[in-house]
Amino acid sequence: MARADAVVVGGGVIGLTAAICLREAGVEAGIVAARLPHATTSSVAAAIWYPYKAYPEDSVLSWGGRTFKVFEELSDTPESGVLMREGVEIWRERVPDPWWAGAVHHVRRCGDDELPPGYIDGHAFAAPVVEMPVYLTYLMDRFAAAGGNVQQRTLSSLDEVDARVVVNCVGLGARDLVDDTSMAPIRGQVVRVRNPGLKRFMLDEENPEGVTYIIPRSDDCILGGTAEEGEWDLEPDPETAAGIVRRCTRLEPRLAGVEVLEHRVGLRPGRAEIRLEREDGQGGVPRIHNYGHGGSGITLSWGCAEETLRIVQEVRSA
Ligand SMILES: Cc1cc2nc3c(=O)[nH]c(=O)nc-3n(C[C@H](O)[C@H](O)[C@H](O)COP(=O)(O)OP(=O)(O)OC[C@H]3O[C@@H](n4cnc5c(N)ncnc54)[C@H](O)[C@@H]3O)c2cc1C
């Protein structure tokens, strides 16, 4: 069998998007993944465009800004599952303009009528909301349409891959696969409920009882959440779920008595800084690492995929 131009390891949003960018630019890339897209952390994400627990800020701003633009274009394609929604982030104290404001079109201060009782400041803006079950299917179809194949397989070393370039998008799996002990889980629990007619998202990051957010999708809403650093437990905790529903209902009374559809937990791939760089592996085979996106993998996916493509092209032209 001919040696592949590139193999992307990982079938979450980061690997799939990188693989699409590669194939659509003419690089023969396949995917090898332990878990298929709908069983990854990416499938649990809320998912709104919003920089959260991902660093460094300057890279996040540039990758995030690029991803915002791609999502905006995709929102014209209904089967992508990307919606442009307006909403607010709210604060119990006066805050400066958000550091990421340059990546979105327009951020304005909330009027008093937009703030729930007890909140004194807020930012209103429009952002992409990505319905992950729909979006991951869209990405898989797009990858297949570009001639790509996904092979389900768990690797114990990147050296097992036979390709001219290996792209490492294994998220939290990098802890074992490349011995990156700086990777740590940031546990997130969410409750999926029927949408009682909400359109606006609401983010309350600094809620003293825990990070709180309401992300309305088309038929359901994702209510969050938690951000528990170093916590590996994938079982939803009923008490935590009750707290999430209580906090969200306090912010949005129309959620009172809403039907609960599902409880989910995901482990965000936490790292002090996203790792997106080239390294030479065994026999000089170039590896491109693209992992550690914390709470912003969807927010950064296209910017990081294009950067990956740029590095692959550099490697191929050397
Ligand atoms: C509750 C929650 C809410 C979130 N909300 C948002 C949000 O609103 N916006 C946002 O931008 N982000 C959000 N995130 C974060 C986002 O989900 C992650 O940053 C993103 O999913 C990371 O994607 P990934 O592709 O790197 O990892 P993953 O989705 O975990 O995919 C990793 C892939 O690598 C494979 N893999 C791992 N190890 C191996 C191995 N040894 N061999 C072969 N394959 C391997 C896995 O099987 C999988 O296919 C949220 C996360 C959670 C948990």
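**Notes on the fold**

1. Start with the open sheet of six strands: its order is β6-β2-β1-β7-β15-β14, and the pairing is mixed. Each of β6 (150-152) and β14 (275-280) has a single partner strand, so one side of each is left without a neighbour in the sheet. On average, neighbouring strands here are turned by 20° against each other, direction ignored. Helices (H or I, at least four residues) and strands (E, at least two) are DSSP runs, numbered from the N terminus. Two strands pair if DSSP finds at least two bridges between them.

2. Before going further, please keep in mind that this is a predicted model: local features need pLDDT of at least 70, side-chain atom pairs count only at pLDDT 80 or more, and totals for chains, interfaces and linings use all residues. Residues are numbered from 1 along each chain as its sequence is written.

3. Now look at β1 (residues 4-9). β1 pairs with β7 (residues 163-168) in the parallel sense over five bridges, and Ala 4 has Ala 163 as its bridge partner in β7. Four bridges join β1 to β2, and these two run parallel; Ala 6 is partnered by Ala 29 of β2. From β1 the chain crosses through α1 to β2, a right-handed β-α-β crossover (with the strands pointing away from the viewer, the path from the first strand over the helix to the second runs clockwise).

4. Contact is counted when C-beta atoms, placed from the backbone, lie within 7 Å. Axes are lines fitted to C-alpha atoms, for helices over the stretch in contact, and angles run from 0 to 180 degrees between N-to-C directions.

5. Helix α6 lies across β1, β7, β14 and β15, running at about 170° to β15. How do α2 and α6 cross? The axes of α2 (residues 57-74) and α6 come within 6 Å and cross at roughly 105°. That makes α2 roughly perpendicular to α6 (65 to 115 degrees). The residues in contact include Trp 63 of α2 and Trp 302 of α6.

How values were computed:
Angles under 35 degrees count as roughly parallel, over 145 as roughly antiparallel, 65 to 115 as roughly perpendicular and the rest as oblique. Two residues are in contact if their C-beta atoms, placed from the backbone, lie within 7 Å.
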